[in-house]
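Student: Can we go through this structure together? I would like to start with the inside and then look at the helices and loops.
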Amino acid sequence: MSPAAPAAGSQSRTFTTIGVVGLGTMGAGIAEVFARNGHAVVGVELNDEAVERGRQHLEHSTGRAVRREKMTEAEQAELLGRITFTTALADLADAGLVVEAVVESMEVKKAIFRELDGIVSPDAVLATNTSSLSVTELSSATSGPGRVVGVHFFNPAPVQDLVEVVRTVVTEPDVLTDVQALLASLGKSPVVCGDKAGFIANTLLFGYLNHAASMYEGRYASREDIDAAMRFGCGYPMGPLALLDLIGLDTAYEILETMYRQGRDRLHAPTPVLKQMVTAGLLGRKTGRGFYTYE
Ligand code: CAA
């Protein structure tokens, strides 16, 4: 059973050019999803080095598809050719939708939204890929909060079908409909939810991940056995500790911390070992070491 798609013909905007601000793991994945589906993408990063990292991420990810014979080299070149890289937000003037995917900092995100508000056309949609910050508060940095929406992709963005579309109390209904239709056209399964830290999936997921980290910390079982239990006993594609490594321990810690601040429930009080690992730079796959070690 798949979530209900918006009614055909109800879309009022056509999204040709898509802006993506921030080309880290999520931003690069989101840029890939749009470019794979024929959209022109403008990817923005802070400086030339960050642009280069984003470009490499995209080359690596699409190169994997070529190696697996899911894409030809010519298709890869065409896909990458649809993406323009820049360090100037002003280059997003023609974007019908901008997805912001920078660090989980309200101040940084607000500054970007404030600037974007003066750059894009009045009917362009401004979206954030935040996992747990308030979309409503972010929207207050713009002159038109009705066009601001959360568009929360899952990691790896090119693979995971789910996208949570987060509506605030002031998001215009046509913005919601248009964004849902756009996501469905990408082959994604959008679900709509309200603006509460964690949305649907992370609210259900992160208590479980936190509990797994706490089991590991208490030496209740080995990391391999904790992960094997959930893979082979419950049919999860990967165990919770491997998943924390994929998400990034810094990101996971921030999400738990935000959810804990909002709800004060013990389930989301970050397990101390997470903080210790973040401080020690063991962030998971992106640094080569987390609960596991990666080549
Ligand atoms: N980028 C792009 N594509 C990737 C990828 C990546 N990082 N990792 C894997 N893939 C692709 C592979 O190319 C492969 O594609 P094809 O089927 O077209 O060949 C497919 O994914 C399967 O990959 P593998 O065969 O290598 O490995 P797998 O079958 O073990 O799957 C996985 C890997 C997709 C990561 C799978 O284990 C999985 O779905 N894990 C759970 C991930 C999850 O729960 N994500 C949500 C995290 S929470 C979140 O993101 C929210 C938040 O706010 C933090």
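This is a predicted model: local features need pLDDT of at least 70, side-chain atom pairs count only at pLDDT 80 or more; totals for chains, interfaces and linings use all residues.

Student: OK. Which residues have the most contacts inside the largest nonpolar core?

Tutor: They are Ile-30, Ala-31 and Val-98, in a core of 50 residues. A nonpolar core here is a set of buried Ala, Val, Leu, Ile, Met, Phe, Trp, Tyr and Cys residues joined through C-beta atoms within 7 Å. Buried means that 20 or more other C-beta atoms lie within 10 Å of the residue's own; exposed means 12 or fewer, and partly exposed is in between, with C-beta atoms placed from the backbone.

Student: And which helix gives the largest share of this core?

Tutor: Helix α1, residues 25–36, with seven residues. Helices (H or I, at least four residues) and strands (E, at least two) are DSSP runs, numbered from the N terminus.

Student: What does Ile-30 touch?

Tutor: Leaving out residues up to four places away in sequence, Ile-30 touches Val-20, Val-99, Ala-101, Asn-129, Phe-153 and Ala-157. Contact means that the C-beta atoms of two residues, placed from the backbone, lie within 7 Å. Ala-101 is 71 residues from Ile-30 in sequence, and their C-alpha atoms are 8.7 Å apart in space.

Student: What about Ala-31?

Tutor: With the residues up to four places away again not counted, Ala-31 touches Val-20, Leu-23, Val-41, Gly-43, Leu-58 and Ile-83.

Student: How many residues are in the second core?

Tutor: That separate core has 24 residues, including Ile-226, Leu-244, Ile-247 and Leu-283.

Student: Now a strand. Where does Leu-126 sit?

Tutor: Leu-126 is in strand β5, residues 125–128. It counts as buried, with 28 C-beta neighbours inside 10 Å. Beyond four places in sequence, its contacts are Val-98, Phe-113, Leu-116, Thr-142, Arg-147 and Val-148.

Student: Change of topic. At what angle do α8 and α9 pack?

Tutor: Helix α8 (residues 223–234) and helix α9 (residues 240–247) pack at about 100 degrees, and their axes are 7 Å apart. The axes are lines fitted to C-alpha atoms, for helices over the stretch in contact, and angles run from 0 to 180 degrees between N-to-C directions. That angle makes α8 roughly perpendicular to α9. Under 35 degrees counts as roughly parallel, over 145 as roughly antiparallel, 65 to 115 as roughly perpendicular and the rest as oblique.

Student: Which residues make that contact?

Tutor: Arg-223, Ile-226, Asp-227 and Met-230 of α8 meet Pro-240, Leu-241 and Ala-242 of α9.

Student: And how do α10 and α11 pack?

Tutor: Helix α10 (residues 249–263) and helix α11 (residues 272–279) are at an angle of about 135 degrees, with axes 9 Å apart. That makes α10 oblique to α11. On the α10 side the contact is made by Leu-249, Asp-250, Ala-252 and Tyr-253, and on the α11 side by Leu-274, Lys-275, Met-277 and Val-278.

Student: Is Met-277 buried or exposed?

Tutor: Met-277 is buried, with 24 other C-beta atoms within 10 Å. Not counting residues up to four places away in sequence, Met-277 touches Leu-249, Leu-282 and Gly-290.

Student: Last, the loops. Which residues does the cis peptide bond join?

Tutor: It joins Asn-155 and Pro-156, with omega about -5 degrees. Pro-156 is in the loop between β6 (148–153) and β7 (162–166).

Student: What is the phi of Glu-69?

Tutor: Glu-69 has a positive phi of about 60 degrees, although it is not a glycine. Glu-69 lies in the loop between α2 (48–67) and α3 (73–81), and it counts as exposed, with 7 C-beta neighbours inside 10 Å.

Terms used: Residues are numbered from 1 along each chain as its sequence is written.
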